[in-house]
Amino acid sequence: MRQRQAIALLALVGLFVALYLWLYKIGVIGTLQCGTGACEQVQTSRYADLWGVPVAFYGVVGYAALLAVAVLGLRPGLLAERRVTLALAALATVGVAFSLYLTYLELFVIHATCRWCVGSAVIVTAIWVVALSAMRRSV
Amino acid sequence: MKGFYYLLGAVAIGGGVALWYGAQRPAGTAPPGAATPVAATDGFRGFTLGSDTARVEVTEYSDFECPFCAQFGTVQMPVIREQLIATGRVRWRFRDFPLPGHQYSRYAALVAQCAGEQGRFWEMHDQLFFHHQWAQTGKNPRGLFRDFAKQAGLDLAKYDACVNAQRYDGRIQASVEEGTALGVSGTPTFFVNGHRYGGRSTSDDFKAVADSITKSRK
(Lines give C-alpha, C1' and ligand atoms only; values in the text may rest on other atoms or scores of the structure.)
Protein backbone atom coordinates (compact mmCIF):
# COMPACT_ATOMS: atom_id res chain seq x y z
CA MET A 1 0.00 0.00 0.00
CA ARG A 2 2.81 2.42 0.94
CA GLN A 3 4.42 1.92 -2.46
CA ARG A 4 1.19 2.75 -4.29
CA GLN A 5 0.72 5.85 -2.18
CA ALA A 6 4.29 6.91 -2.93
CA ILE A 7 3.74 6.29 -6.65
CA ALA A 8 0.48 8.28 -6.60
CA LEU A 9 2.19 11.27 -4.95
CA LEU A 10 5.19 11.17 -7.26
CA ALA A 11 2.93 10.79 -10.31
CA LEU A 12 0.89 13.82 -9.23
CA VAL A 13 4.04 15.94 -8.94
CA GLY A 14 5.24 14.60 -12.31
CA LEU A 15 1.85 15.38 -13.81
CA PHE A 16 2.18 19.04 -12.82
CA VAL A 17 5.71 19.22 -14.24
CA ALA A 18 4.52 17.74 -17.55
CA LEU A 19 1.43 20.01 -17.54
CA TYR A 20 3.66 23.05 -17.01
CA LEU A 21 5.83 22.15 -19.99
CA TRP A 22 2.83 21.29 -22.15
CA LEU A 23 1.00 24.55 -21.31
CA TYR A 24 4.16 26.43 -22.24
CA LYS A 25 4.37 24.52 -25.50
CA ILE A 26 0.80 25.36 -26.51
CA GLY A 27 1.25 29.01 -25.58
CA VAL A 28 -0.75 29.25 -22.35
CA ILE A 29 2.34 29.94 -20.22
CA GLY A 30 4.66 32.66 -21.47
CA THR A 31 8.00 32.20 -19.78
CA LEU A 32 9.48 29.04 -18.35
CA GLN A 33 11.05 29.50 -14.94
CA CYS A 34 14.27 27.76 -15.76
CA GLY A 35 17.03 29.32 -13.67
CA THR A 36 20.36 28.26 -15.11
CA GLY A 37 18.99 25.70 -17.55
CA ALA A 38 18.10 26.11 -21.21
CA CYS A 39 14.45 25.09 -21.04
CA GLU A 40 13.29 27.20 -23.96
CA GLN A 41 16.08 25.94 -26.19
CA VAL A 42 14.97 22.38 -25.43
CA GLN A 43 11.24 23.09 -25.56
CA THR A 44 11.40 24.90 -28.88
CA SER A 45 13.78 22.43 -30.53
CA ARG A 46 12.41 20.10 -33.17
CA TYR A 47 12.74 17.23 -30.70
CA ALA A 48 10.09 18.77 -28.44
CA ASP A 49 7.45 17.25 -30.72
CA LEU A 50 6.98 13.60 -31.54
CA TRP A 51 4.61 12.57 -34.33
CA GLY A 52 3.16 16.06 -34.29
CA VAL A 53 2.35 16.00 -30.58
CA PRO A 54 4.36 17.91 -27.94
CA VAL A 55 6.57 15.49 -26.00
CA ALA A 56 5.28 17.04 -22.77
CA PHE A 57 1.78 15.84 -23.63
CA TYR A 58 3.00 12.22 -23.60
CA GLY A 59 4.26 13.01 -20.11
CA VAL A 60 0.86 14.35 -19.08
CA VAL A 61 -0.84 11.17 -20.32
CA GLY A 62 1.78 8.89 -18.76
CA TYR A 63 1.70 10.51 -15.33
CA ALA A 64 -2.10 10.69 -15.39
CA ALA A 65 -2.22 6.95 -16.13
CA LEU A 66 0.24 6.17 -13.32
CA LEU A 67 -1.74 8.35 -10.90
CA ALA A 68 -5.05 6.75 -11.88
CA VAL A 69 -3.75 3.18 -11.59
CA ALA A 70 -2.01 3.89 -8.27
CA VAL A 71 -5.10 5.55 -6.72
CA LEU A 72 -7.43 2.83 -8.02
CA GLY A 73 -5.02 0.24 -6.65
CA LEU A 74 -5.54 1.69 -3.17
CA ARG A 75 -9.15 0.56 -3.11
CA PRO A 76 -9.56 -2.18 -0.50
CA GLY A 77 -10.63 -4.76 -3.07
CA LEU A 78 -7.56 -4.14 -5.24
CA LEU A 79 -4.85 -3.80 -2.59
CA ALA A 80 -3.73 -7.41 -3.00
CA GLU A 81 -4.20 -7.39 -6.78
CA ARG A 82 -0.86 -8.22 -8.42
CA ARG A 83 -2.02 -6.99 -11.83
CA VAL A 84 -2.10 -3.44 -10.46
CA THR A 85 1.53 -3.80 -9.36
CA LEU A 86 2.44 -5.18 -12.77
CA ALA A 87 0.62 -2.37 -14.57
CA LEU A 88 2.44 0.26 -12.49
CA ALA A 89 5.81 -1.38 -13.17
CA ALA A 90 5.05 -1.61 -16.90
CA LEU A 91 3.95 2.03 -17.14
CA ALA A 92 6.97 3.19 -15.12
CA THR A 93 9.33 1.17 -17.33
CA VAL A 94 7.93 2.82 -20.47
CA GLY A 95 8.28 6.20 -18.74
CA VAL A 96 11.89 5.58 -17.75
CA ALA A 97 12.79 4.38 -21.26
CA PHE A 98 11.18 7.48 -22.80
CA SER A 99 12.95 9.73 -20.29
CA LEU A 100 16.29 8.09 -21.07
CA TYR A 101 15.74 8.79 -24.76
CA LEU A 102 14.85 12.44 -24.06
CA THR A 103 17.82 12.89 -21.73
CA TYR A 104 20.10 11.47 -24.43
CA LEU A 105 18.68 14.02 -26.90
CA GLU A 106 19.27 16.86 -24.44
CA LEU A 107 22.84 15.88 -23.65
CA PHE A 108 24.13 14.71 -27.03
CA VAL A 109 21.90 16.20 -29.74
CA ILE A 110 20.45 19.49 -28.50
CA HIS A 111 23.39 20.13 -26.14
CA ALA A 112 21.14 21.86 -23.62
CA THR A 113 19.35 20.71 -20.51
CA CYS A 114 16.00 21.71 -19.16
CA ARG A 115 15.74 21.41 -15.39
CA TRP A 116 12.04 20.56 -15.60
CA CYS A 117 12.85 17.67 -17.95
CA VAL A 118 15.59 16.52 -15.58
CA GLY A 119 13.09 16.80 -12.73
CA SER A 120 10.60 14.67 -14.63
CA ALA A 121 13.30 12.09 -15.37
CA VAL A 122 14.15 11.90 -11.66
CA ILE A 123 10.47 11.53 -10.70
CA VAL A 124 9.75 8.77 -13.20
CA THR A 125 12.94 6.94 -12.18
CA ALA A 126 11.85 7.13 -8.54
CA ILE A 127 8.43 5.75 -9.52
CA TRP A 128 10.12 2.95 -11.43
CA VAL A 129 12.31 2.03 -8.42
CA VAL A 130 9.28 2.00 -6.09
CA ALA A 131 7.23 -0.02 -8.61
CA LEU A 132 10.02 -2.61 -8.96
CA SER A 133 10.37 -2.94 -5.19
CA ALA A 134 6.60 -3.43 -4.95
CA MET A 135 6.85 -6.18 -7.55
CA ARG A 136 9.61 -7.96 -5.66
CA ARG A 137 7.55 -7.83 -2.48
CA SER A 138 4.50 -9.23 -4.21
CA VAL A 139 6.37 -12.25 -5.64
CA MET B 1 -5.35 6.40 4.68
CA LYS B 2 -7.31 9.64 5.13
CA GLY B 3 -4.06 11.49 5.78
CA PHE B 4 -2.72 10.27 2.45
CA TYR B 5 -5.72 11.69 0.55
CA TYR B 6 -5.32 15.01 2.38
CA LEU B 7 -1.68 15.07 1.30
CA LEU B 8 -2.63 14.21 -2.28
CA GLY B 9 -5.23 16.99 -2.27
CA ALA B 10 -2.75 19.50 -0.85
CA VAL B 11 -0.21 18.66 -3.57
CA ALA B 12 -2.95 18.97 -6.21
CA ILE B 13 -4.03 22.39 -4.93
CA GLY B 14 -0.41 23.59 -4.66
CA GLY B 15 0.37 22.44 -8.20
CA GLY B 16 -2.81 24.00 -9.57
CA VAL B 17 -2.04 27.36 -7.96
CA ALA B 18 1.55 27.27 -9.28
CA LEU B 19 0.30 26.55 -12.81
CA TRP B 20 -2.30 29.30 -12.58
CA TYR B 21 0.38 31.75 -11.45
CA GLY B 22 2.63 30.70 -14.33
CA ALA B 23 -0.17 31.26 -16.84
CA GLN B 24 -0.69 34.83 -15.59
CA ARG B 25 2.83 35.94 -16.53
CA PRO B 26 2.66 37.87 -19.79
CA ALA B 27 4.96 36.79 -22.62
CA GLY B 28 7.10 39.86 -22.58
CA THR B 29 7.91 39.77 -18.90
CA ALA B 30 11.51 38.99 -18.23
CA PRO B 31 11.95 36.29 -15.62
CA PRO B 32 13.49 37.28 -12.29
CA GLY B 33 17.25 37.45 -12.62
CA ALA B 34 17.16 38.12 -16.37
CA ALA B 35 19.56 40.68 -17.76
CA THR B 36 18.56 44.28 -17.11
CA PRO B 37 16.79 45.75 -20.13
CA VAL B 38 19.02 48.05 -22.09
CA ALA B 39 17.44 51.41 -22.70
CA ALA B 40 17.61 51.89 -26.44
CA THR B 41 16.25 55.37 -26.93
CA ASP B 42 19.17 55.83 -29.26
CA GLY B 43 17.71 58.16 -31.84
CA PHE B 44 16.69 55.16 -33.92
CA ARG B 45 14.43 56.29 -36.76
CA GLY B 46 12.86 52.99 -37.81
CA PHE B 47 13.77 50.22 -40.21
CA THR B 48 13.85 51.24 -43.84
CA LEU B 49 13.48 49.68 -47.25
CA GLY B 50 14.57 51.26 -50.51
CA SER B 51 17.02 53.74 -51.88
CA ASP B 52 18.46 56.58 -49.79
CA THR B 53 18.08 58.84 -52.81
CA ALA B 54 14.38 58.17 -53.41
CA ARG B 55 12.40 61.40 -53.68
CA VAL B 56 9.48 60.03 -51.75
CA GLU B 57 9.71 58.70 -48.23
CA VAL B 58 6.72 57.03 -46.64
CA THR B 59 6.74 56.52 -42.87
CA GLU B 60 4.33 53.91 -41.63
CA TYR B 61 3.24 53.76 -37.98
CA SER B 62 2.11 50.20 -37.50
CA ASP B 63 1.05 47.65 -34.93
CA PHE B 64 1.78 43.97 -35.61
CA GLU B 65 -1.40 42.84 -33.89
CA CYS B 66 -3.64 45.21 -35.83
CA PRO B 67 -5.69 43.41 -38.53
CA PHE B 68 -5.69 46.42 -40.87
CA CYS B 69 -1.90 46.60 -40.64
CA ALA B 70 -1.69 42.89 -41.43
CA GLN B 71 -3.99 43.30 -44.40
CA PHE B 72 -1.92 46.20 -45.65
CA GLY B 73 1.33 44.31 -45.03
CA THR B 74 0.20 41.22 -46.90
CA VAL B 75 -1.92 42.65 -49.71
CA GLN B 76 -0.62 46.13 -50.54
CA MET B 77 2.96 46.04 -49.32
CA PRO B 78 4.22 43.32 -51.69
CA VAL B 79 3.00 45.40 -54.66
CA ILE B 80 4.49 48.58 -53.18
CA ARG B 81 7.81 46.80 -52.67
CA GLU B 82 7.86 45.55 -56.22
CA GLN B 83 6.59 48.64 -58.03
CA LEU B 84 7.75 51.56 -55.90
CA ILE B 85 10.52 50.48 -53.53
CA ALA B 86 12.49 48.09 -55.75
CA THR B 87 12.40 50.63 -58.57
CA GLY B 88 14.02 53.26 -56.34
CA ARG B 89 11.05 55.62 -56.35
CA VAL B 90 10.00 55.26 -52.73
CA ARG B 91 11.84 54.70 -49.51
CA TRP B 92 9.75 53.04 -46.79
CA ARG B 93 10.24 53.60 -43.07
CA PHE B 94 8.56 51.42 -40.47
CA ARG B 95 7.84 52.82 -37.01
CA ASP B 96 6.35 50.90 -34.13
CA PHE B 97 3.05 52.02 -32.70
CA PRO B 98 1.75 49.13 -30.58
CA LEU B 99 -1.73 50.05 -29.47
CA PRO B 100 -2.42 49.70 -25.75
CA GLY B 101 -5.56 47.61 -26.31
CA HIS B 102 -3.59 44.86 -28.04
CA GLN B 103 -2.24 42.29 -25.64
CA TYR B 104 0.77 41.09 -27.60
CA SER B 105 1.55 43.90 -30.03
CA ARG B 106 4.37 45.37 -27.93
CA TYR B 107 5.86 41.91 -27.59
CA ALA B 108 5.59 41.46 -31.36
CA ALA B 109 7.31 44.82 -31.86
CA LEU B 110 10.07 43.63 -29.53
CA VAL B 111 10.70 40.39 -31.42
CA ALA B 112 10.78 42.32 -34.70
CA GLN B 113 13.33 44.72 -33.21
CA CYS B 114 15.39 41.76 -32.05
CA ALA B 115 15.24 40.37 -35.58
CA GLY B 116 16.35 43.78 -36.81
CA GLU B 117 19.38 43.55 -34.55
CA GLN B 118 20.43 40.60 -36.71
CA GLY B 119 19.59 42.41 -39.95
CA ARG B 120 16.34 40.50 -40.49
CA PHE B 121 13.64 42.93 -39.46
CA TRP B 122 11.70 42.68 -42.72
CA GLU B 123 11.81 38.89 -42.71
CA MET B 124 10.28 38.94 -39.22
CA HIS B 125 7.82 41.66 -40.28
CA ASP B 126 6.59 39.31 -43.00
CA GLN B 127 6.41 36.32 -40.66
CA LEU B 128 4.30 38.31 -38.20
CA PHE B 129 1.92 39.63 -40.81
CA PHE B 130 1.66 36.64 -43.14
CA HIS B 131 0.92 34.27 -40.24
CA HIS B 132 -1.41 36.63 -38.48
CA GLN B 133 -3.58 33.90 -36.96
CA TRP B 134 -1.57 34.37 -33.76
CA ALA B 135 -3.34 37.71 -33.26
CA GLN B 136 -6.77 36.11 -33.33
CA THR B 137 -6.22 33.19 -30.99
CA GLY B 138 -5.48 35.22 -27.85
CA LYS B 139 -2.89 32.59 -26.92
CA ASN B 140 0.53 33.57 -25.73
CA PRO B 141 2.59 33.63 -28.96
CA ARG B 142 6.05 33.34 -27.43
CA GLY B 143 6.81 29.87 -28.77
CA LEU B 144 5.26 30.68 -32.14
CA PHE B 145 7.33 33.85 -32.49
CA ARG B 146 10.44 31.83 -31.78
CA ASP B 147 9.41 29.53 -34.63
CA PHE B 148 9.03 32.64 -36.79
CA ALA B 149 12.53 33.70 -35.73
CA LYS B 150 13.81 30.33 -36.83
CA GLN B 151 12.00 30.68 -40.16
CA ALA B 152 13.46 34.16 -40.56
CA GLY B 153 16.94 32.67 -40.21
CA LEU B 154 17.84 34.22 -36.86
CA ASP B 155 20.49 33.05 -34.45
CA LEU B 156 18.13 31.83 -31.74
CA ALA B 157 20.56 32.22 -28.86
CA LYS B 158 21.02 35.90 -29.69
CA TYR B 159 17.29 36.27 -30.30
CA ASP B 160 16.48 34.75 -26.88
CA ALA B 161 18.98 37.00 -25.13
CA CYS B 162 17.55 40.07 -26.83
CA VAL B 163 13.90 39.20 -26.17
CA ASN B 164 14.44 38.11 -22.57
CA ALA B 165 16.31 41.33 -21.80
CA GLN B 166 13.56 43.33 -23.59
CA ARG B 167 16.51 45.12 -25.14
CA TYR B 168 14.59 47.44 -27.42
CA ASP B 169 11.65 48.29 -25.22
CA GLY B 170 12.95 51.84 -24.86
CA ARG B 171 13.23 52.19 -28.62
CA ILE B 172 9.62 51.04 -29.07
CA GLN B 173 8.40 53.45 -26.40
CA ALA B 174 10.30 56.30 -28.09
CA SER B 175 8.57 55.45 -31.37
CA VAL B 176 5.15 55.46 -29.68
CA GLU B 177 5.84 58.84 -28.06
CA GLU B 178 7.04 60.29 -31.33
CA GLY B 179 3.95 58.99 -33.13
CA THR B 180 1.66 60.35 -30.43
CA ALA B 181 3.33 63.77 -30.71
CA LEU B 182 2.62 63.66 -34.45
CA GLY B 183 -1.03 62.94 -33.80
CA VAL B 184 -1.02 59.21 -34.50
CA SER B 185 -3.85 57.51 -32.68
CA GLY B 186 -4.61 54.47 -34.82
CA THR B 187 -2.78 52.14 -37.18
CA PRO B 188 -1.69 52.05 -39.87
CA THR B 189 -0.97 55.78 -40.14
CA PHE B 190 1.24 57.08 -42.93
CA PHE B 191 3.32 60.18 -43.49
CA VAL B 192 4.59 61.05 -46.94
CA ASN B 193 7.74 63.19 -46.89
CA GLY B 194 6.81 64.23 -43.38
CA HIS B 195 3.21 65.16 -44.12
CA ARG B 196 0.35 63.13 -42.81
CA TYR B 197 -1.23 61.08 -45.58
CA GLY B 198 -5.01 60.95 -45.45
CA GLY B 199 -5.71 58.99 -48.61
CA ARG B 200 -6.60 55.36 -49.06
CA SER B 201 -3.85 52.93 -48.16
CA THR B 202 -3.64 50.98 -51.40
CA SER B 203 -0.65 50.43 -53.64
CA ASP B 204 -2.40 52.35 -56.44
CA ASP B 205 -2.92 55.38 -54.22
CA PHE B 206 0.67 55.38 -53.01
CA LYS B 207 1.76 55.08 -56.64
CA ALA B 208 -0.38 58.09 -57.51
CA VAL B 209 1.14 60.09 -54.64
CA ALA B 210 4.66 59.10 -55.71
CA ASP B 211 3.83 60.07 -59.32
CA SER B 212 2.52 63.48 -58.32
CA ILE B 213 5.55 64.26 -56.10
CA THR B 214 7.98 63.09 -58.76
CA LYS B 215 6.26 65.16 -61.47
CA SER B 216 6.05 68.29 -59.35
CA ARG B 217 9.80 68.13 -58.65
CA LYS B 218 10.88 67.65 -62.28
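**Exercise 1.** In which helix of chain B does B:Phe72 lie, and is B:Phe72 buried or exposed?

*Solution.* This is a predicted model: local features need pLDDT of at least 70, side-chain atom pairs count only at pLDDT 80 or more, and totals for chains, interfaces and linings use all residues. Residues are numbered from 1 along each chain as its sequence is written, while chains are lettered from A and ligands numbered from 1 in the order in which they are written.

Step 1. B:Phe72 sits in helix H2 of chain B. Helices (H or I, at least four residues) and strands (E, at least two) are DSSP runs, numbered from the N terminus.

Step 2. B:Phe72 is buried, because 21 other C-beta atoms lie within 10 Å. The cut-offs: buried at 20 or more other C-beta atoms within 10 Å, exposed at 12 or fewer, partly exposed in between, with C-beta atoms placed from the backbone.

**Exercise 2.** Which strands pair with E2(B)?

*Solution.* Strands pair if DSSP finds at least two bridges between them.

Step 1. E2(B) runs parallel to strand E3 (residues 90-96) of chain B, with 7 bridges. B:Val56 has B:Val90 as its bridge partner there. From E2(B), the chain passes through helix H2 (residues 67-85) to E3(B) in a right-handed β-α-β crossover (clockwise from the first strand over the helix to the second, with the strands pointing away from the viewer).

Step 2. E2(B) runs antiparallel to strand E4 (residues 189-192) of chain B, with 4 bridges.
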